[in-house]
Amino acid sequence: MLRLEQIQLSFNDTPLFQPLSLNVKGGEIAVLSAPSGAGKTTLLRWIAGIGVPGLAASGRVWLHEQCIDGLPAEQRRIGLMFQEPLLFPHLSVADNLGFGLSAKIRGTERRSEIERALEACGMAGMGKRDPETLSGGQKTRIALLRTLLSQPQALLLDEPFSSLDDKRREQIIGMVRSQADDRGLPVLLVSHDPRDEALAGTNVMTLHS
């Protein structure tokens, strides 16, 4: 379970939103609704342990009964995916995926892991492709796969469906749902698209300024 307790973030003593508390169970997708500029990206970065200059924060973040807000990012085991799929343009698709794998996985095992991941998302045989030749939906799938290959214990999504057409959107949503179920991942999706609220059932909250 991912649990947020009375989270409040501010710049120059000005809060970005009212204190936020939220529980997300393993295998569950929770949606945090917020308009543009409400601080949702800053919130996800802070939960993941990515520094934000000038940000003051209070509250607690728990993951599987461990308080993690005092840990460095690499020890939090949280996967974070932004709105734009951030792929390295100078690397192949396979090498981009390799960044998600542990350095301990090498050689044939490493290549096999990457090939299995590509096959699982319907992109078998595309490991040598230049990321710039991929469609928007394909780039999003690769970015999501790379995040999942790092074996996160929770997944944070910053509006990753917003630039996709309906067909590609449903494909990526299906991927997120199946991975959350298979791995028992708590997933927190921030969005201002009303369509995304249907993903969460009753676990929908709104950031209030």
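Guide: One cavity of 30 Å³ or more is counted. On a 1 Å grid over the protein atoms alone, a cavity is a set of points where a 1.4 Å probe fits but cannot get out, and a pocket is an open set with protein on both sides within 12 Å along at least five of seven lines; lining residues have an atom within 4 Å of a point. Grid points are joined across faces, edges and corners, and a volume is the space filled by probe spheres set on the points.

Visitor: What kind of model is this?

Guide: The model is predicted; local features need pLDDT of at least 70, side-chain atom pairs count only at pLDDT 80 or more, and totals for chains, interfaces and linings use all residues. Residues are numbered from 1 along each chain as its sequence is written, and side-chain values use heavy atoms, without hydrogens and water.

Visitor: Which residues line the largest cavity?

Guide: Its lining consists of Glu159, Phe161, Ser162, Arg169, Ser191, Asp193, Arg195 and Asp196. The largest cavity holds about 40 Å³ of space.

Visitor: Now the pockets. How much space lies in the largest pocket?

Guide: About 580 Å³. The largest pocket has 23 lining residues, with Ile78, Gly79, Leu80, Thr147 and Ser150 nearest its centre.

Visitor: Which strand gives the most to that lining?

Guide: E7 does, with four residues; strands here are DSSP runs (E, at least two residues) and helices likewise (H or I, at least four), numbered from the N terminus.

Visitor: And what is the volume of the second largest pocket?

Guide: About 200 Å³. Helix H4 (residues 107–120) gives the most to its lining, with five residues.
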